Amino acid sequence: MDIKALRTAHPEHWNKAAAIRTLTLDAVAAANSGHSGMPMGMADVATVLFEKHLKFDPKAPAWPDRDRFILSAGHGSMLLYSLMYLTGYEDITLDQIKDFRQWGAKTAGHPEFGHARGIETTTGPLGQGIANSVGFAIAEEIQRATWGKKIIDHHTYVIAGDGCLMEGVSQEAIGLAGMQKLGHLCVLWDNNNITIDGTVDMADITDQPARFAASGWHVQSIDGHDPEAIDAAITAAKADPRPSMIACKTHIALGHAAQDTPKGHGALTNADQLKATKELYGAPLGDFEVAADVKAQWEAIGARGAETRAAWEERFATLSGTKQAEFNRAYAGEAPKKLSATIRALKKQVSEDQPKVATRKSSELTLQAVNPIMNETIGGSADLTGSNNTLTADMGIFNPENRKGRYIYYGVREHGMAAAMNGMALHGGARPYGGTFMCFTDYARGAMRLSALMGIPTTYVMTHDSIGLGEDGPTHQPVEHLAMMRATPNTHVFRPADTVETAESWEMALTSTSTPSVLCLSRQNLPTVRTEHKTKNLTAQGAYVLAEATGKRQAILMATGSEVEVALAARELLEAEGIGTRVVSMPCWELFEAQDESYRKRVLPAGPVRVAIEAGVRLGWDKWLMGERGNNKKAGFVGMPGFGASAPAERLFEEFGITAKDTADLVKSLIK
Ligand SMILES: Cc1ncc(C[n+]2csc(CCOP(=O)(O)OP(=O)(O)O)c2C)c(N)n1
């Protein structure tokens, strides 16, 4: 690459882009780890984007109508940190850059949402960012239609690498975005033909522009080091009603000895090579040094957004007080005041009517009450709407003809759905929920983990939560999934037993601001077990005494979801034999764990035999059976020893020994 020619063709541009490159080289060298090549390759694209197109104000990183910039190729985090430092984001100081990848620094190895204001999403697991961006763009479309262009009218820009485009989730994202004609979405592909193992063509020969075009995208191919071409392409992208992909031909580690090689992908730390690169760039040689005039130019770019933001604030102030409050409430992630009264009314009604319905149906009943009072919910399903019961009549379907619709047909794209929901939650002003069969949380897991890591309240509606789904068989019957989800930090896993607990679980999910929720719901009908109305949300405590022993308490049965019914029936059998038995319903372990010890002790006192009943694997249950004052000689588990089978549900519960009789027998054997 002729660096001299690049320098002389656009000297001002060159120097600004060179500042990104040298900061990256210095930070990676200081950390002795990180990825230098990608920021060096994409510095020109990023410079033009930030200078000429991106609507942002570093002094107001949460301004709702800012453009969103998503670094899907998260290993190139120094690209983002450099831009944030140069343009004046307060959280990313030069000291933070010097502290790249160190303990306590906001400049983590990969960009992490919540570390520094201005980082829109956590990226690093390749493909997530581009899939998040679809959710960002959907939220923008819905809000533009709802609030009008004067309040919401912004773009979502993504930098994605070869790795992002090779990941399967990118196909789900591209397909969904193309069909939905997300015209405010623009993906800038770092087309450098390099990954870690070598050149891309060792593993992939996909014609990427043709691939995007096939899904309905507007596609352009440019020289990613030519600022004029970059500017023109982004301008054209914005003008086109389709989502845009710009293939930016770049050189990884531009100007470094490792340019265009896989070595250029990683940490370039050789001091002599670093110095030679800076000399070639005509950049200052000092560590972390940026020429004062170049820093000033970058700061001017950062300062430009203040005026646009002020104008937006004036427009926002023209909304009525009620509308402003509604907008601010949704952006703060606060549930409306009416929510708790709505949930309480539903609970009261249900405790009286005592319906025998599947909890997926209970969830629908709850959503029917909630969606009309929470305009920020965005529902959907990965092609299982009728099974997940996620659509309510008031929502309307989101599509290119109806931008006010709040229900998304995601297609058979569980991972893309989950990642898009994360994008909506991150965008702000939206509360996404989406459904599939619980078994397919496997397919969504990459994004579910990031909901938890980022601390965002995405809600997963996971129906068909056990062998209780019956004839579809073991491919569809989750057994290990509860354990996997419970093993994930910062995730609330709800497995409600009836409609009352389902409504309570939804209340917890809809009021959460920093924890994702998974609602595990039955396919099969379940009786109402909460027949006595309680105003208080008992699910909020995670576990509670549902039925007390009448005589001397000799046994405690713990159960979740559909097995609470089994526990209650086992209690009847045991009580009939004079064995005092308490039933504890445990709809959410994580919330129970968060209670103080005195409450946990009241629910699970030492002494009695403890048996847990859950149509899943035992993993995790020993914490409640033997921990919390339990005793391994007096503890047992009724659940799944392995995979399920294809048969009617009732037969399966019998064959796998998840019945009242099996439970009572186990209790009696432990009492002896
Ligand atoms: C899901 C996932 N798998 C693997 C990795 C490890 N990884 C990080 S970067 C990378 C190569 C990516 O290549 P490309 O997107 O072309 O980036 P470039 O080499 O241009 O920097 C890999 C495999 C990852 N971060 N995420």
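Reader: Which residues does Asp-162 touch, not counting residues up to four places away in sequence?

Author: Contact here means heavy atoms within 4.5 Å. By that rule Asp-162 touches Trp-189, Asp-190, Asn-191, Asn-192, Asn-193, Ile-194, Thr-195 and Val-200, with residues up to four places away in sequence not counted. Two remarks on the source belong here: this is a predicted model, in which local features need pLDDT of at least 70 and side-chain atom pairs count only at pLDDT 80 or more, while totals for chains, interfaces and linings use all residues. Residues are numbered from 1 along each chain as its sequence is written, and side-chain values use heavy atoms, with hydrogens and water left out.

Reader: Where does Asp-162 lie, and is Asp-162 buried or exposed?

Author: Helices (H or I, at least four residues) and strands (E, at least two) are DSSP runs, numbered from the N terminus. Asp-162 belongs to helix α7, which covers residues 162-166. For burial, the cut-offs are under 20% relative accessible area for buried and over 50% for exposed, with partly exposed in between, using a 1.4 Å probe and protein chains only. Because its relative accessible area is 7%, Asp-162 is buried.

Reader: At which residues does UniProt place the feature "binding site"?

Author: UniProt positions are given in the numbering used here, feature names are shortened, and annotations may be inferred rather than shown by experiment. The UniProt record, an unreviewed entry, places "binding site" at Asp-162, Asn-192 and Ile-194. These residues are spread over 33 residues of sequence, yet they cluster in space, with a largest C-alpha distance of 7.7 Å. Asn-192 is found in the loop between β3 (185-191) and α9 (208-214), and Asn-192 counts as buried because its relative accessibility is 8%. Leaving aside neighbours within four places in sequence, Asn-192 is in contact with Asp-162, Lys-249, Thr-250 and Ile-252.

Reader: How many residues surround the ligand, and which are the closest?

Author: A residue is near a molecule if one of its heavy atoms lies within 4 Å of it. The ligand is surrounded by 16 residues, and the closest are His-75, Gly-163, Asn-192, Ile-194 and His-265. To sort such a shell, Ala, Val, Leu, Ile, Met, Phe, Trp, Tyr, Cys and Pro count as nonpolar, Asp, Glu, Lys and Arg as charged, and the others, Gly among them, as polar. Here the shell divides into six nonpolar, seven polar and three charged residues.

Reader: Which atom of Asn-192 lies 2.6 Å from an oxygen atom of the ligand?

Author: A polar contact is a pair of N or O atoms within 3.5 Å; within protein, one must be able to donate a hydrogen and the other to accept it, and residues adjacent in sequence count only if both atoms are side-chain atoms. In the case of Asn-192, a polar side-chain atom lies 2.6 Å from an oxygen atom of the ligand. Ile-194 has a polar backbone atom 2.7 Å from an oxygen atom of the ligand, and Gly-124 has a polar backbone atom 2.8 Å from a nitrogen atom of the ligand. Taken alone, the ligand exposes 580 Å², of which the protein buries 75%; accessible areas come from the Shrake-Rupley method with a 1.4 Å probe, and for residues only the protein chains shown count as cover.

Reader: Which residue has a positive phi of about 50 degrees although it is not a glycine?

Author: Most residues other than glycine have a negative phi. Lys-181, however, has a positive phi of about 50 degrees. Lys-181 is in the loop between α8 (168-179) and β3, and it counts as partly exposed because its relative accessibility is 46%. Phe-288, also not a glycine, has a positive phi of about 55 degrees, and Phe-288 lies in the loop between α11 and α12. With 11% relative accessibility, Phe-288 counts as buried.

Reader: Where does Thr-581 lie, and with which residues is Thr-581 in contact?

Author: Thr-581 is part of strand β16, residues 580-585, and it counts as buried because its relative accessibility is 0%. Leaving aside neighbours within four places in sequence, Thr-581 is in contact with residues including Ala-547, Glu-548, Leu-557 and Arg-571.
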